[in-house]
Amino acid sequence: MPLWLTALIWGTFGGAALVVGCTVAWKWTIPPKIISSIMAFGAGVLISALSFDLMDEAVTVGGLLPSMTGFLAGAVAYVGANALLTRAGARHRKRSGGRQPSEQQQTGSGTAIAVGALLDGVPESVVLGVGIATVGAVNPAMLAAVFISNFPEGLSSAAGMKRAGRSAAYVFGVWGGIAVLSGVSALIGYVALQGAPDSLVAGITAVAAGAILAMIADTMIPEAFEEHHLLTGLVTAVGFLTAFIISHLGG
């Protein structure tokens, strides 16, 4: 199988978890504490992945300075884009409760939420393609982290969309479209960085890591603590440990 197709398939596979989570939330009413706990687990998984599979590798491959620069650039770029989307009504796009505005409450919020959801998923998908471009195979730990974390994102956000009165066509259209675009993003990451110098690969990897961490803090952690209970921190730690074990075994 050609590597470009491998990148497309695995990127789409990672994004497909969003659709799975969306389907579960649309079909069943999940208790808020369960949603918060699943989101906490997903946040822990991503924090581990960006620490051990992104930043550590970026520093090893390209050095500390490109990695630091890329990480900060990714965080700044994400926060800036997210600030614009927040003004358009996408601030609570990952919230399962009644915080998401309906189109009647804020015109254009539906589009903003869709764009915001895409913004959240692109860095993760690009990293999958970059990994295939550099080592010729998908990073199993990163793929697992993307898939595991995408499920609660789709679950929580779709529950909020449903509460806001969004139609099934809108909800499944958003997540189905993002699953496809996740594959395209992975493909772009693969094509753009074939044969690229190590410093550039490290910089791009770090950019993705910075954006992912900013996304976790801005959109996942608030939902994880929406229904706070004594086990929230423990669930996050278990998510972190799960991804760490997968990374260790995969290495």
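Me: Buried or exposed: how does Arg93 count here?

Reply: Start with the cut-offs: buried means under 20% relative accessible area, exposed means over 50%, and partly exposed is in between (1.4 Å probe, protein chains only). Arg93 has 2% relative accessibility, so it counts as buried. One caution: this is a predicted model, where local features need pLDDT of at least 70 and side-chain atom pairs count only at pLDDT 80 or more, while totals for chains, interfaces and linings use all residues. Residues are numbered from 1 along each chain as its sequence is written, and side-chain values use heavy atoms, with hydrogens and water left out.

Me: Which side chain does Arg93 meet in a salt bridge?

Reply: The general idea comes first. Side chains of opposite charge can pair when their charged atoms come close. The cut-off for a salt bridge is a side-chain nitrogen of Lys or Arg within 4 Å of a carboxyl oxygen of Asp or Glu. In this model, Arg93 pairs with Asp120 at 2.9 Å, N to O. Asp120 sits in helix α4 and Arg93 in the loop between α3 and α4, so this pair ties together parts 27 residues apart in sequence. For the helix labels, DSSP runs are numbered from the N terminus: helices are H or I with at least four residues, strands are E with at least two. Asp120 is buried too, with a relative accessible area of 2%.

Me: How many salt bridges does a search of the whole structure find?

Reply: The search finds 3. Asp120 also forms one with Lys94, whose closest N and O atoms are 2.7 Å apart. Lys94 lies in the loop between α3 and α4 and Asp120 in α4, so the pair ties together parts that are 26 residues apart in sequence. Lys94 is buried, at a relative accessible area of 3%. Glu153 forms a salt bridge with Lys94 as well, with 3.2 Å between the closest N and O atoms. Glu153 and Lys94 are both buried. Through shared partners, the bridges join Arg93, Lys94, Asp120 and Glu153 into one network.

Me: Now the nonpolar side. Which residues touch the most other members of the largest nonpolar core?

Reply: Read a nonpolar core as a set of buried Ala, Val, Leu, Ile, Met, Phe, Trp, Tyr and Cys residues joined through side-chain atoms within 4.5 Å. The largest one has 36 residues, and Leu54, Met142, Ile212, Ile216 and Met220 touch the most other members. At least two residues each come from α2, α3 (64-90), α4, α5, α6 and α7 (198-224). The biggest giver is α7, with 11 residues. Apart from this core lies another, of 18 residues, including Leu18, Ala158, Ala159 and Trp175.

Me: What is Leu54 in contact with?

Reply: Contact means heavy atoms within 4.5 Å. Setting aside neighbours within four places in sequence, Leu54 is in contact with Ala49, Val127, Met142, Thr205, Ala209 and Ile212.

Me: And where is Asn150?

Reply: Asn150 is in helix α5. With 3% relative accessibility, Asn150 counts as buried. Beyond four places away in sequence, Asn150 touches Gly14, Gly15, Ala17, Leu18 and Glu124.

Me: Which residues make the nonpolar surface patch?

Reply: Patches are made of residues with over 30% relative accessible area and no salt bridge; like charges are joined within 9 Å, and nonpolar side chains (Val, Leu, Ile, Met, Phe, Trp, Tyr) within 5 Å. Accessible areas come from the Shrake-Rupley method with a 1.4 Å probe, and for residues only the protein chains shown count as cover. Phe52, Leu241, Phe244, Ile245 and Leu249 make a patch of about 480 Å². Helix α8 (residues 232-250) gives the most, with 4 residues. Phe52 belongs to helix α2 (residues 32-62), and it is partly exposed at a relative accessible area of 35%.
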